[in-house]
Each structure stands twice: as structure tokens, then as C-alpha cells.
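User: I would like to go through this protein chain in questions and answers, from the overall fold down to single residues.

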Amino acid sequence: MPPSEQRTAQPNIQDVFLNYVRREKLNVTIRMMDGSELEGRIKNFDRFALVLDQSGTDHMVFKHAIAVIKTPKAVSNYYSHS
């Protein structure tokens with residue numbers, strides 16, 4: 001095994017952030033690349049998309065179309081929660 005593969009892989013910031021808001025059931029505002037906004041709770045996600053619960057309706061949102069995900073309050077250190 002090459003030395004680069006022996007290191008423990010640290011989770012990427014995107015996965016840590018999305019897992020935190022999902023676990024804490026925080027309502028988020030998602031601004032899309034076209035400027036429109038969606039509000040809701042992230043139920044699940046993978047490499048390419050996330051599922052947003054918006055008032056009981058699920059929306060599959062493709063990550064490549066997202067510009068910003070905002071939380072309602074500052075998140076002090078979501079890395080410590082992973």
C-alpha cells in the first residue's frame with residue numbers, strides 16, 4: 001500500500017457540514033445558482049444530490065446547482081461533532 005493511502009482519510013468539509021445540519025435537524029436556506037432560494041431541512045445527501053424536506057414535501061436538489069447553503073445561526077465547530 002502506498003504511503004499516501006496509509007493515512008487516515010479526513011472527511012471533507014462538505015460532508016461534515018451536511019451531516020451536522022442533517023443530524024441537528026436545522027432549517028437551512030439553499031440559494032441556487034439561478035438566485036432562487038429553497039428553505040427546509042436536509043434529510044439525506046450523497047456525492048451528487050441532497051434531499052430537502054420542505055413543509056412535508058421532499059425535493060431532490062442536485063449539488064451542482066447549489067451556490068450557498070445558509071444556517072439560521074453560526075455553527076461554532078461542527079468538526080467536533082463528526
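The turns below cover the fold, the sheet, the core and a few residues of a predicted model.

User: What pattern does the protein chain follow, read along the sequence?
Analyst: The model is a predicted one. Its secondary structure comes to two helices and five strands. Read along the sequence, these elements give the pattern α-α-β-β-β-β-β.

User: In what order do the five strands form the open sheet, and which are the edge strands?
Analyst: The five strands form an open sheet with antiparallel pairing, in the order β4-β3-β2-β1-β5. An edge strand pairs on one side only, and this applies to β4 (57–62) and β5. From one strand to the next the twist averages 45 degrees. The edge strands are thus β4 and β5.

User: How many bridges join β1 to β2, and how many join β1 to β5?
Analyst: Strand β1 covers residues 27–32 and runs antiparallel to β2, with five bridges between them. Strand β5 covers residues 66–70 and also runs antiparallel to β1, with four bridges. The counts are five for β2 and four for β5.

User: Is Thr29 buried or exposed?
Analyst: The cut-off for buried is under 20% relative accessible area. Thr29 has a relative accessible area of 15%, so it is buried.

User: Which residue in the hairpin of β1 and β2 takes a positive phi?
Analyst: The hairpin has four residues between its strands. A phi near 95 degrees occurs there, and the residue that takes it is Gly35.

User: At what angle does α2 run to β2, and which strands does it lie across?
Analyst: The buried residues of α2 are Val16, Phe17, Leu18, Tyr20 and Val21. What covers them includes β1, β2, β3 and β5. The helix lies across β1, β2, β3 and β5, and its angle to β2 is about 100 degrees.

User: Which element gives the most residues to the largest nonpolar core?
Analyst: That core has 15 residues, among which Val21, Ile30, Ile42, Leu50 and Leu52 touch the most other members. At least two residues each come from α2 (13–23), β1, β2 and β3 (49–54). With four residues, the element that gives the most is α2.

User: Which residues is Val21 in contact with, leaving aside neighbours within four places in sequence?
Analyst: Val21 is one of the buried residues of α2. It is also among the core residues that touch the most other members. Its contacts beyond those neighbours are Leu26, Val28, Ile42 and Thr71.

User: How far apart in space are Phe45 and Asp15?
Analyst: Asp15 is one of the residues that Phe45 touches. The two are 30 residues apart in sequence. From C-alpha to C-alpha, they are 8.7 Å apart.

User: Where does Ser55 lie, and is it buried or exposed?
Analyst: Ser55 has a positive phi near 55 degrees and is a residue other than glycine. The residue lies in the loop between β3 and β4. Its relative accessibility is 79%, so Ser55 counts as exposed.

User: What share of the 82 residues in the protein chain do buried residues make up?
Analyst: The protein chain exposes about 5900 Å², of which carbon and sulfur atoms supply 49%. Counted by residue, the buried share is 27%.

Technical notes: Residues numbered from 1 in each chain as written. Predicted model: local features only at pLDDT ≥ 70, side-chain atom pairs only at ≥ 80, totals over all residues. Heavy atoms only, no water. Contact = heavy atoms within 4.5 Å. Pairing = 2+ DSSP bridges. Core = buried A, V, L, I, M, F, W, Y, C linked by side-chain atoms within 4.5 Å. Buried < 20%, exposed > 50% of the residue type's maximum accessible area, 1.4 Å probe, protein only. Axes fitted to C-alpha atoms, helices over the stretch in contact; angles between N-to-C directions. Areas by Shrake-Rupley, 256 points an atom, 1.4 Å probe, with all protein chains shown as cover.
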